[in-house]
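Please look over the sequence and the structure shown below before reading on. The report then takes up a few parts in turn.

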Amino acid sequence: VDVVAAGGRAGLAYAHIRGGDPDFTVVMLDGVPLNDATDQLGGAVNLNTLPADTVERIEVVRGPLSAVYGATGLAGAINIITRRGTTDAPALSASLETGDADLIHGAFSISRGGEDRDFFVGVTWDEEEGRVGDESFEQFALQGNGSIPLGDNASLRLSGRVSTWDTLDYPEASGGPEADTELRDSEHTEVSLAGDLRIGGGRRDHALYLRVLRHDTERTTPGFAPGAGVLEQVEDQTYVNATLGWSVPLIERSERRLIVGAELGWEDGENDATFGGGPVPFELDRKTVGAFVEFVSQSGPLQWEVAARLDDPEDEDLFFSPRASLAYRPGDGRTTLRASAGRAFDLPSFFALATPLGGNPELESEIALGGDLGVAHTFLDGMFDASLELFYVTYDELIDFLLPPEVPPENIGFVNRDEVTTQGAELQVTCKPHPRFEVAANVTYQDTEIEGTDEKLRQRPEWIGGLRIHWRPIDALSWQVDAQGVSEMADASLVITDRFETEGFEIFGSALSYDIARQWQLRARVDNILDEEYETFIGFPGPGRSYRVGLRFHTR
């Protein structure tokens with residue numbers, strides 16, 4: 001997973017999985033997909049808008065996943081799961097951090113848990129200004145979840161989030177601070193809600209669930225690159241996505257499980273936009289009905305899973321999405337052999353279909369077909385863990401936005417590529433010679449090709465790597481050093497037209513935490529310790545050396 005960020009919190013940060021486009025990754029918050037089909041990036045989720053304070057854990061699945069999630073997840077899925085109440089007595093947590101670039105970060109949460117009910121409520125506030133150029137960022141977020149029993153045979157879990165954020169940042173492909181482009185002004189409000197009702201109280205619990213997202217955006221993008229015809233654009237857009245689903249286990253045993261279910265999805269998006277002072281609005285909606293089945297079996301050292309889904313999108317053909325995976329642990333279980341393969345599809349985004357600024361109503365759905373093979377092994381009684389994965393994915397009808405110099409300015413717009421392939425390898429190694437000391441390293445090689453041409457997909461480095469060293473010399477003190485590196489990658493700018501790639505870079509960071517009392521913790525972090533000068537996109541410098549310090553109070 002390569003997280004590409006255009007500077008500080010005000011800019012965009014999104015995830016590429018195995019060379020796929022950022023909108024090929026479905027990003028969920030407690031199961032609610034956050035991908036916005038009216039967005040200019042085709043549904044890519046800006047990870048900068050998701051505060052970490054309320055997060056319990058993050059799950060990542062790689063590979064085509066329409067068998068699980070329907071018309072999305074061509075490259076994989078990221079599910080962000082928020083914290084829950086776990087203690088009988090109320091647990092409180094509060095933190096305050098400050099740093100350079102006028103950074104202010106505050107967080108407060110209260111939670112409580114029990115045998116049959118629990119709740120969690122968290123609030124965060126963030127501000128920063130001038131991290132990169134004249135960018136600025138402000139955000140308020142309220143997150144909550146809870147579970148209550150409904151009699152002896154039913155239970156209900158609810159989770160929700162309300163977040164508002166304002167940003168001043170540089171538009172994509174604008175040359176950023178290097179080109180002295182005017183800033184884009186954006187205001188966002190996002191509301192998500194998840195409800196899960198379980199009825200039955202036995203082996204065949206019926207699950208009814210509802211997922212709702214609403215994202216409102218008001219944005220003014222300045223005109224730039226007059227040779228490419230980019231004029232001032234003002235947008236007032238609303239996107240709503242709702243999914244109602246049902247599932248039931250027909251077989252529920254320790255060694256095998258069979259689940260069937262159905263979903264009804266609805267999307268609605270509209271954008272009252274002006275371009276160069278003239279109206280260029282669009283509005284679309286669509287419904288999708290889907291049914292799925294999943295079978296998991298465990299037989300000794302072999303576990304295998306097959307899943308399939310049939311979707312019927314409105315005004316589109318039926319689409320069949322199969323997926324299969326297996327894992328084999330022979331002997332003492334120190335070695336795991338695994339493999340998976342699947343087929344997935346993604347409907348064109350509303351923006352790519354309908355925007356007057358290069359939209360193409362004839363776009364076809366994108367299709368992914370791929371799989372992976374892997375091996376993992378534990379050495380020296382658990383001191384070393386290593387895993388190697390080989391992957392290959394073919395994307396048909398991949399949607400791309402053509403820019404100069406690929407095409408003349410009058411032909412700028414969205415098109416389907418005939419075929420794009422990504423292939424590569426992922427290696428991860430962890431060494432833990434002592435319970436208080438751990439070293440973890442990872443490296444990924446990925447090769448992306450557009451069949452029949454020498455063109456390169458933008459923002460796809462061939463090499464990505466990371467290193468993390470964690471040391472806890474005493475219970476109260478924790479110290480971490482981390483590094484990230486990427487190779488050069490192709491890119492394009494509408495303003496800086498004499499460069500077509502960014503150079504590779506390596507940056508280092510370090511974090512320290514110290515428990516100064518039983519309920520008080522002091523925290524500090526430094527990023528880009530060596531003050532490396534680098535670019536994330538053409539004209540967009542990465543943040544220089546930066547720091548943050550904070551104090552946290554918690555009752556557990």
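In what order do the 4 strands of the open sheet stand?

## The open sheet

The order is β4-β3-β6-β5, with mixed pairing, where strands are DSSP runs of E of at least two residues, numbered from the N terminus, and two strands pair if DSSP finds at least two bridges between them. Because β4 (32-33) and β5 (55-62) stand at the edges with a single partner strand each, one side of each is left without a neighbour in the sheet.

Strand β5 runs antiparallel to β6 (residues 76-82), to which 7 bridges join it, and Arg57 is found opposite Ile81 of β6.

## Basis and confidence

This is a predicted model, in which local features need pLDDT of at least 70 and side-chain atom pairs count only at pLDDT 80 or more, while totals for chains, interfaces and linings use all residues. Residues are numbered from 1 along each chain as its sequence is written, and side-chain values use heavy atoms, leaving out hydrogens and water.

The average pLDDT (the predictor's confidence in each residue, from 0 to 100) is 91 for the protein, and 97% of the residues score at least 70.

Ser163, which belongs to strand β11 (residues 154-169), is buried (under 20% relative accessible area, with a 1.4 Å probe and protein chains only), since its relative accessible area is 1%. Beyond its neighbours within four places in sequence, Ser163 is in contact (heavy atoms within 4.5 Å) with residues including Gln139, Phe140 and His188.

Notes. Buried < 20%, exposed > 50% of the residue type's maximum accessible area, 1.4 Å probe, protein only.
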